[in-house]
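Biologist: Hello! Could you walk me through a protein model, one question at a time?

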Amino acid sequence: MKKILLCISIATQLYALLAEGQQTLSAENEVPPRVFEIDYENNRFLMDGKNFQFIGGSFHYFRALPETWQRKLRTMRAAGLQVVTTYVEWSLHNPRDGIYDFTGIADLELFIKLAAQEDLYVILRPGPYICAERDLGGFPYWLLHKYPDINLRTYDLNYRHEVTKWYQVLMTKMEKFLYGNGGPIIMVQVENEYGSYFACDEKYRIWLRDETSRYVKDKAVLFTNDGPGVLRCGKIPNVLATLDFGESPNSTIDSNWRTLRRYQPAGPLMNSEYYPGWLTHWQEEMQRVPVQPVLDSLEKMILDGASVNFYMFYGGTNFGFTAGANEGGPGRYDSDVTSYDYDAPMDEAGDPTEKYFAIRKLISKYFPLPNVPVPNPLPKIKLPDINLKPISIIFNPNGRRYLANFTKQSNLPMSFESLDQNSGFILYETKLPRINRDPVLLKFADLRDRAYIYVNRRFVGIISRENKIYSIPLSLSLGDELQILVENEGRINYGLANDFKGILGNVYYDTMVLVNFTITGFPLDNYVKMEELITAYKTNPGDDLTLSAESLKAGPAVFYSEFNLDRNQIFDTYLDSTGWGKGIVFINGFNLGRYWPLVGPQITIYVPREVLRVGVNKIAMIELQNAPDAGLVTFSNRPNLDGNFY
Ligand SMILES: *[C@@H]1O[C@H](CO)[C@@H](O)[C@H](O)[C@H]1NC(C)=O
Ligand SMILES: *[C@@H]1O[C@H](CO)[C@@H](O)[C@H](O)[C@H]1NC(C)=O
Ligand SMILES: *[C@@H]1O[C@H](CO)[C@@H](O)[C@H](O)[C@H]1NC(C)=O
């Protein structure tokens, strides 16, 4: 007897599925099986035997709080999208070797269920490499700890061993959500923009195809996604190749399809990453894409019979230390901003923009809009100003006692990864040898990514991979105790080559190689420790403030305050970082991400209302360069992502 799920919408089908077959009917006739497949003869997708051309949009669950997923998915559906596309971030679900997490913001199964409930199909992009402007392109840092010589994204044995383990965990959770098994997942990606990766390893591509196919079988369509210029290394036999590109002249779109046809003579046309906006790095302008050309190219692709997935339809936020960086050319390093607003049709808070309504209108010309009203923008609030007090310097005794994860002695500096530290900062300390010159150049062979240099705990300057500044003159009059506080600004996510962090090569003082370092790790990934530091401060406020007001301002200092909110103040807001230098900010223990208003363009940090509380709220900032007078923080009821460029 065949088990068949007989339901109308995918939401109810999924419900039935989750009810463990209780609602299945026995029927040997009529009801066609659920099949999502490719009709190569007619260059189209078929869903249960019917033509299926669709508009979809990317929304990464890991860039929004889970309490907000449903509303955002509904807003996408209300625009006429039939599909939501998400990457799966390995590092989020497997933060340490052998430790898995599928709760809270990592509750991928909930996200898929909610998508189905909102009547959206799902395209799953499990990577395992995802790029996505995320730290190390979504790979967990511990791969670099466990296998310093690992060849990511190749046939490397250790790499394959770890992917196999991860896919076993992930894919066994995903199987029940595949279309052919009654769920909403219609397509599953193999690798991600592999054509752009220098390794171009065909054996690996085929291995990963088979590894994915082991779980997906014929229950969903496997696909790859590449820029039109790099299909040679991106295309995998027996996997549907799709393209990614932004708005372009018609002739370019035609030529993109022709290129695709050279590698794949038949099959549906698809743009898996159609860019309605773009990503932004610190120290550059907010990347904005005007709407009319986006509409024109969308219409052209629809008329070409192509399916189109917007990347991003909703961008969200790189909370905490999750933002990655790009290698904008040999030796270049550009870290990604905290906001992933992306100038997408839905803004960082998930509200529909003008771009959204224009796209919705165009979609409605070709596809029926669902009977779903567009959710209204959520209210935003300007909260009262607050003043934060410095409570600790992180390399003072209390800062070390509470925030450090380890201290060890090493003749030469060690990387974050060899010390098994993912995020935050590492402090390298040593004594400067006596030398009869003034000043003396302190020079780094390789430093990632940014170092705050102190002598006798007085701030003297910054080393910057971003700006290719690798040396600094030190005056003998400063003293001889050298402190180097190294910040990990995000591992490279594209063009990836094992982006280890910290002091990687020698440190030279004149021509001498510095040795005998005391190394202290501050991962700042555990807010419990921050709470302990704050409690210690409250118990004995004078304890850790052994520095002058000037040094306190310069940091690296922990600033703290509490503020009260009542019920009618719990709305989304934007923390305005103007006046601060560079650092990270926590509210109620939640790391909202990095701020750097000195360069921008992002000035405000999005604060979702879900992190605010009725009653006492706690704000902590780790400031690395310069706090404003009186530690003033203001809030705004609108974002400023374009600051400092006029
Ligand atoms: C581009 O193609 C679309 C759809 O085929 C057409 O409506 C539009 O006029 C074309 N634009 C130009 C500039 O030729
Ligand atoms: C350092 O971090 C690891 C991993 O989170 C944790 O297990 C350990 O307890 C921490 N050690 C200290 C001294 O904080
Ligand atoms: C190395 O540094 C430690 C800690 O500062 C110090 O106690 C020790 O004497 C130093 N060793 C040498 C060989 O300089």
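Predicted model: local features only at pLDDT ≥ 70, side-chain atom pairs only at ≥ 80, totals over all residues.

Biologist: Which residues does UniProt list under "active site"?
Modeller: The label comes from an unreviewed UniProt entry. The listed residues span 81 residues in sequence, yet no two of their C-alpha atoms are more than 10.4 Å apart, so they gather at one spot. The residues in the record are Glu193 and Glu273.

Biologist: Is glutamate 193 buried or exposed?
Modeller: Glutamate 193 sits in the loop between β9 and α7. Among its contacts beyond four places in sequence are Arg153, Tyr275, Tyr494 and Glu273. Buried means under 20% relative accessible area. Glutamate 193 has 12%, so the word is buried.

Biologist: Which side chain does glutamate 273 join in a polar contact of 2.9 Å?
Modeller: Start with its place: glutamate 273 belongs to strand β12, residues 270-274. At 4% relative accessibility it counts as buried. Its contacts beyond four places in sequence include Tyr87, Asn192 and Arg125. The side chain joined to it at 2.9 Å is that of arginine 125.

Biologist: How far does helix α7 reach from its first C-alpha to its last?
Modeller: Helix α7 covers residues 202-216, which is 15 residues. At 1.5 Å a residue, a span of 21 Å is expected, and the model comes close to that. The reach is 21 Å.

Biologist: How much of the accessible area of ligand 2 does the protein cover?
Modeller: Arg96, Asn405 and Lys529 surround ligand 2. One oxygen atom of ligand 2 is 2.2 Å from an N or O atom in the side chain of asparagine 405, and a polar side-chain atom of lysine 529 lies 2.3 Å from an oxygen atom of the ligand. Of the 360 Å² that ligand 2 has on its own, the protein covers 41%.

Biologist: What percentage of residues 413-523 is strand?
Modeller: An unreviewed UniProt entry lists these residues as "domain: Beta-galactosidase 1-like first all-beta". Over this stretch the chain is 0% helix, and its end C-alpha atoms are 17 Å apart. The strand share is 46%.

Definitions and conventions:
Residues numbered from 1 in each chain as written. Chains lettered and ligands numbered in written order. Heavy atoms only, no water. UniProt positions renumbered as here; feature names shortened; annotations may be inferred. Helix = DSSP H or I, 4+ residues; strand = E, 2+ residues; numbered from the N terminus. Expected span 1.5 Å × (residues − 1). Near = heavy atom within 4 Å. Polar contact = N/O pair within 3.5 Å; in protein donor to acceptor, adjacent residues only side chain to side chain. Areas by Shrake-Rupley, 256 points an atom, 1.4 Å probe, with all protein chains shown as cover. Buried < 20%, exposed > 50% of the residue type's maximum accessible area, 1.4 Å probe, protein only. Contact = heavy atoms within 4.5 Å.
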